[in-house]
Structure formats: C-alpha cells, structure tokens
Amino acid sequence: MSRPELQAPPEIYYGDTEAEKYTNNTRIQQIQADMTYRALELLNPPQDEPAFLLDIGCGSGLSGEILDEAGYIWAGVDIAPSMLEVALEREVEGDLFLQDIGQGFGFRPGSFDGAISISVLQWLLNAETSHPTSSPPHRLTRFFTTLHSALRNPSRAILQFYPTSDDQVQLITSIAQRAGFGGGVVVDYPNSKKARKVFLCLFVGEGGGGGAQVPRGLLEGDEAVGAPESEDARAKFERRRQRESRRERNGKQKAVKGGKDWILRKKDLYRRRGKDDVPHDSKYTGRKRRAIF
Amino acid sequence: MVRLITHNLLACHAKGCTTNNFPLKLTDVKLALREADFNPDFLRGFLPRVEWDALIQASREIGDTSLPVERPEMLDDDLLRQLHHVLLEIHIDEGSMTCPNCGHVYPISNGIPNMLLAEHEIW
C-alpha cells in the first residue's frame, strides 16, 4: 500500500477508525516511544528548570505521554480532530489545539523552550488544492518562520519525519535555513532499511547546551562497541542510553527472546487472542535441557 | 483543555493581523478545575515570559480575581500557589476566543480550540 500521506490529507486519513487503530497498535506505540525518547535526547532541553515544550502533530498523545512522564509541561497541536479526541480520552496533561501547521502558529515570540515533532513533516509535502497558499514550499515557509519566532533563543526543535527522497530533505532544510534556523539533519541507522530514522535538528541561536554542533546519528554497532568517539560529537543524553543498554545486558531486565518470561508472555498473548491448542504452562515450560555427557 | 498558561502565549495569526492581536478575548466560557502537581521551579522560570496585564484581563474574563493587578515584585509561596491555580488548574472547556483586532473568533469546543483559518485568512 502506498504511504499514508499520499492517500488523503491528514485530517481525513486519521478519521475515527484510523485514529483508534493507530493508538492501540503496540508496534506503533513502541516505535513512537523510541523516537520520542531519541528526540528528547537530541533536544537536550535545559536541565535546571522544567521546560515548556511544543509537540507539533501531537496526534493521540503517544509522544505527549512520554513528555508527561519526563516531567515536561507541553502544548500540542494537530490537524486531525479524531486524533485529538483520542488524546482527550487518554487524559494527557498538555493543552491541545486543532491547528494546521502549514498555516503557521500564532504563539508570541519566545514562548517555548523547545519543540518536538514525530512523523509529521511529510504531511506538509503534498498540495491539496492549486491555490498558491497550499503549495508545499509556501506552507513550509510559513511553518518554519512562525516556529522560529515561537521558540526561545537559544533553543532547539527536533523534527522526525519520513522523506521519500533526498530532494525532499533538501527542500525542507533549505526552507528551514531561510527561516533563520541553524542545524541540520541527523540520520540514525543510515544503513538499515527499517530502523533508519531521519531527524531534522534545528537550532535557534546557539541551540542551547552542547554548542551549535549537529549531533551524530546512531549506527548499528554503537551499543555493542561503545563507540569511542569525541564527546561533543554526540547528543548529551546518549550516555544514559548506553548505561541503560548495558544494564539490560547485565541485569537481564528485558525478557530475552526464547527465555521463560518471553515464552509465558507469548502464550498468554495467544490465549487472549483465542488461539486453539496453546500448550499448558508447567514447571517444564521454557526449561533448559541438561547437557548430556 | 486550554489553560491560561497557553492562552497567555496565543495571538491571532490570521492574514494581516499583526498589531493589537493579543490577548484574545475570552467569552461564554465553561470552566473545569483539574488539579495538577505544584511545581514552583517551573513557575519561577516561566513567569518572565508571562504578559501580566493579559493574564489579569483573561483571569477577570473567566471570573477569577485572586491575582493582584500589578505584577508582584516578590514571589512568596502563597502567590506561587495562586499562580499555579490560575495558570495550570483552570481548564476552559467551552467558549470562544476573539481577536481584538480583526475580530476572528476561535471557538473552543470540548476543550480544544479550533485555530484553523479560512482560505482568505491564510498568509
């Protein structure tokens, strides 16, 4: 099936059924959560006081929940009313707005300490009508200029999106630069088809802590090797990620695939789905066989 | 779920509306109170960004008179708690926001303000 942004405009594509499907899909939840954590890593907001963030295209609040958890106060905008309704049902903490980001924001200058956006920008790349104000460059220009003024100096905006071609990346970055942003594109796992993620890392002024240098993207081998690399070339939070992945490896906190916990979880899932002949749980479940010698 | 904290940042963004477009006037509001965690550090950091006059005007429009008219010099605990209540705990569920300059009405329904513009209002 073709990409969702090519099928219909977002407020129509994310109708009631699609909004529910999107929010209840555990795989999407996981991907969104991972990308939000990574975006926060790259955002690197000031640590001394809780920041006030803007979530662009907050949707049903999957990313907002993570912002809540991390203790940020935030406001979110989205164009799909059905998604916002789901967000209301889920009782996220942030303020929600029904807004078309291609029409620009009305926030006063310097309102936010940072902005994140997960899987949104690609929706701005299609023209809905032939009217000059709905051409993608026009809408992008309006979006980036108003975003630039709504952010504090210094601060950052991290926008994850799914480009279909390098031309799109080129178009977006050039418009962002013209709007006054510094920064560039960070590509995580560039050699993987599935895990590849593109983050637009935009700086207002010096871009907050860590200088105005664009952080390095993650590579496949990183977590295993511990990648000896100059410190300031990476996002500040990355050490936390490494600590966590190390802890996972040592403490076996995560259910290892094929382990007893994993088997029990899977069997439980199959039973809940009503699958027939799921084997019983017993003391032998997931037990290792003794090596015979 | 518009709270006064975001209302205080919101100006009209219709085409050509660049002066006197803040603060949006609140009318016909239905309020809901929801408790939130008290976070004095956040308030202290956020307060310099608040337009005090606009906040006072908005809080009077929704019928809350607990805040002093003049921007206070000193922040004591009582005042922070009042600010916390006004900025973060009062939610506007229904109502409308009107631009004082161009008169554009942004309706708030079900706690979500509709900020969409008509075609002739887009820049």
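At what angle do helix α3 (residues 16-24) of chain A and helix α6 (residues 81-89) of chain A pack, and how many Å apart are their axes? In this predicted model, the two helices pack at an angle of about 50 degrees, and their axes lie 8 Å apart. The crossing of α3(A) past α6(A) is right-handed. On the α3(A) side the contact is formed by D16(A), A19(A), Y22(A) and T23(A), which meet S82(A), M83(A) and V86(A) of α6(A). By class, the residues of this contact are 4 nonpolar, 2 polar and 1 charged.

The spacing of such residues can be read against helix geometry. An α-helix has 3.6 residues a turn, so residues three or four places apart point the same way.

Helix α6(A) also has a buried side to consider. Its buried residues are S82(A), M83(A), L84(A), V86(A), A87(A) and L88(A). Three of the α6(A) residues that meet α3(A), namely S82(A), M83(A) and V86(A), are among them. The cover over the buried residues of α6(A) includes α3, β2 (73-78) and β3 (95-98) of chain A, and β5 (112-113) of chain B is also part of it. After α6(A) comes E91(A), which has a positive phi, near 55 degrees.

Helix α4 (residues 26-43) of chain A packs on helix α5 (residues 62-69) of chain A at an angle of about 50 degrees, with 9 Å between the axes. These helices, α4(A) and α5(A), are therefore also oblique to each other, and α4(A) passes α5(A) in a right-handed crossing. From α4(A) the contact takes in I28(A), Q29(A), Q32(A), A33(A), T36(A), Y37(A) and L40(A), while α5(A) supplies L62(A), S63(A), I66(A), L67(A) and E69(A). The contact of α4(A) with α5(A) has 7 nonpolar, 4 polar and 1 charged residues.

Q32(A) of this contact also touches S119(A). S119(A) sits in the loop between β4 (112-118) and α7 (136-150) of chain A. Is S119(A) buried or exposed? Its relative accessibility is 11%, so S119(A) counts as buried. Apart from neighbours within four places in sequence, the residues in contact with S119(A) are Q32(A), M35(A), Q160(A), F161(A) and Y162(A).

An annotation in the UniProt record, from an unreviewed entry, reads "domain: Methyltransferase type" and covers residues 54-127 of chain A.

For chain A as a whole, the secondary structure amounts to 11 helices and 7 strands. Of its 293 residues, 49% are buried. Among contacts in chain A with a separation of 6 or more, 62% join residues 24 or more positions apart.

In chain B, D78(B) belongs to helix α4 (residues 77-89) of that chain. With 58% relative accessibility, D78(B) counts as exposed. D78(B) and G111(B) are separated by 33 residues in sequence, and their C-alpha atoms are 28 Å apart in space.

Technical notes
Residues numbered from 1 in each chain as written. Chains lettered and ligands numbered in written order. Predicted model: local features only at pLDDT ≥ 70, side-chain atom pairs only at ≥ 80, totals over all residues. Heavy atoms only, no water. Axes fitted to C-alpha atoms, helices over the stretch in contact; angles between N-to-C directions. Helix = DSSP H or I, 4+ residues; strand = E, 2+ residues; numbered from the N terminus. Left-handed = near helix turned anticlockwise from the far one by under 90°. Contact = heavy atoms within 4.5 Å. Nonpolar A, V, L, I, M, F, W, Y, C, P; charged D, E, K, R; others polar. UniProt positions renumbered as here; feature names shortened; annotations may be inferred. Buried < 20%, exposed > 50% of the residue type's maximum accessible area, 1.4 Å probe, protein only. Parallel < 35°, antiparallel > 145°, perpendicular 65-115°, else oblique.
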